[in-house]
Structures are given as C-alpha cells and as structure tokens.
Amino acid sequence: MGIIYDIPRLLGAVDGFAKVKVLVIGDVMLDEFVWGKVSRISPEAPVPVVEVTAEERLLGGAANVVNNIISAGGGALISGVVGGDAAGREIGLMLKGLGVDPSGMIEDPDRPTTIKTRVVAHAQQVVRYDREKRSPISREVMDRLTAYLAEAAESVDAVIISDYGKGVVTAGLMSAIRKVFRGAGKIVTVDPKVSNFHLYKKVSVITPNHHEAAQGSGVEIDSDRALGRAGRKIIRDLDCDSVLITRGEQGMSLFEKDGPTTHIPTVAREVFDVTGAGDTVIAILTLGLAAGLNRTEAAVLANFAAGIVVGEVGTSAVTADKLKVSVANGSRRLSAPEAGTVAGA
C-alpha cells in the first residue's frame, strides 16, 4: 500500500514556511572546504598530493540548520557558543548576511569555535580534520543560553536541538527547553548524538540515522522487524511523540507513539555527498510541522529535501523552489507498492 498524501497540501506548506519562525539551538561550527585535484602520490608518504584549486567556508552544524530554514523560506533565530576568535566573528557576519540576528550566540573565550575542514578532490573527500573543544559548557554559559531561550520563546513556533556532541546540549539545557517550550505546547525536534540519547526525553520528534537508532536503542537492526523494535523502544525509553529514522538509500521510517509506522522510500536519484543531509532533514521536518502538516506529511517533505542535498557535493541547503519542483516531479515514486508499513510496529 502506498503512502497517501495531498500534493497541493505539501506545496502549500512550503509556501507557508514564510509565516514560521524556528529557534535553532546547539553546536555551531564553521565548515571549511578545500577543493583540489590529485595526480600523484607523495614521495614522503603513501598519501595523495592534493593540488588546491579553491577554498570555501560555510555555516555548519546548528548554523547550517539555520541556513536550510532561511533557504527554504522560513524565519530563524539561533543560539549556541562560539570562541572569541576570527571564526566566531565570521559566523556572526555570515548569519547577519542571511538576515538572522546573531545575538543568541554566546562567546566563550575558553573554547575555540569549532571548525571542520574537509579536503575534497574529484568529488571525493580525501581527509577531514577538526579544531574543537568538546567538554560541556560552563554553568555561566548555560545560564546565558537559557536566558536567551526565555526571551525568544514568545516569538518562535518551534525549536530544533542540533546536537553534534560538542558540549552545548546538556541535561540542564534540555530541562530548560522542556520547561519553556514543551510547557507551552510548542514543537521540539532533535537531531541527536548517540551519547546524549538519554537527554532527549519528552520531545516532539527525534531524527536518528540507522546506526544511531541501533546504538541508541540497543537493538541490532538487521531486518524490518528489528527496525520496528528499535523505533518503538526509543519512543518508550524517551517518552517522545515520534521517531524518524533516516536510512540512506532505503529512505526513512516514521514511528509515532499514537499512530502507525510508515516507511518512506528514498527519492534520491544519485548520492554524491551526505554532508549536511541531517541538517536539511531536521530543518524541513520542523518547518513542515510548524506550517501545519501532520508528522507523516512533514516526513515526506523532509525526504524530498534530503533527496536534493545528497545529490550535491558539499554542505548545501534546499530552496523552496527546488523543494516544490521535487515534490511535484517525484510524487509518483512515493506511491509505489513498496511504500507503507514496516513490519514489527
């Protein structure tokens, strides 16, 4: 049985993103790309020599989630931690360039701004190196973050927690988010880190990938039935409303506390780079929910968005126009017989 959904309703929701504002909180970073070509092996060691042809610096982590929200036509606020360094200042300028107020960014002189540098040659990542400090944020910094959350609460429709395990998402922060936002009945979604699974209790949606779901649930996912057990166990353990497990070329599977389990087949034609795909999924899923879609419809929309970004090299964001074209052109593939309920629900 295929997934039944209203295409005009999905397209209307994308248009409705303009009326939605989302607060993104989590690990902010700078994504640096070094592009080049390889034609020889180093005489010093058995490694390729990359002849650099271009360099690019982009918003990463929680900041890339914001980039996706703005690109799709929504409004955003952001809160996170940067160092008192050039990279932190660059992120602030880039956010301003998107029209996003960076006042929720807390400067911590005791930690550097996280920078992920990827060296890419011939559309293949050769190496990645990170500059970061992953220890939990100090109580002073957390107090400043929670104060900002309280100030922003009235003006946003939903909250995204973008957790890359760099120390911003803590038990204290999650407690404040539940009190301020879930207490007001607002949507709270999480792009998780396995080591922090126990922190995400009572959220609206959590979006682990296949491997994160297996580790977070303690269930080896080697079949659809095992997948079903893992999804349901996460819901029970975290007492959350739903879990959306992203499964690469196998699409996505949505588990709902009060509803069915739905498998959504991928619409990606080619996969070049999965960098930032999770950021796109959480951004579009949350925008869809805030725009009035139900969880299945919002997941379908996020699936279309993911299919776009994995077909591009580097950290990218989906525009509203691209998303609408993908929905209109790709809808037939989601009506295929393989779409439907996952065993073990």
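Tyr129 sits in strand S7, which spans residues 124–131; strands (E, at least two residues) and helices (H or I, at least four) are DSSP runs, numbered from the N terminus. The structure is a predicted model, in which local features need pLDDT of at least 70, side-chain atom pairs count only at pLDDT 80 or more, and totals for chains, interfaces and linings use all residues. Residues are numbered from 1 along each chain as its sequence is written, and side-chain values use heavy atoms, with hydrogens and water left out.

With a relative accessible area of 40%, Tyr129 is partly exposed; this class lies between buried (under 20%) and exposed (over 50%), with a 1.4 Å probe and protein chains only. Together with Val126 and Val127, Tyr129 forms a nonpolar patch on the surface, and the three have about 240 Å² of accessible area together. Areas come from the Shrake-Rupley method with a 1.4 Å probe, and for residues only the protein chains shown count as cover.

Now to Thr189, in strand S9 (residues 187–191). Thr189 is buried, at 0% relative accessible area. Beyond its neighbours within four places in sequence, Thr189 has contacts with Val159, Ile160, Ile161, Val205, Ile282, Thr286 and Leu289, a contact being heavy atoms within 4.5 Å.

For the whole protein chain, 10 helices and 13 strands are found, and 55% of the 345 residues count as buried.

Technical notes
Patches are made of residues with over 30% relative accessible area and no salt bridge: like charges are joined within 9 Å, nonpolar side chains (Val, Leu, Ile, Met, Phe, Trp, Tyr) within 5 Å. A salt bridge is a side-chain nitrogen of Lys or Arg within 4 Å of a carboxyl oxygen of Asp or Glu.
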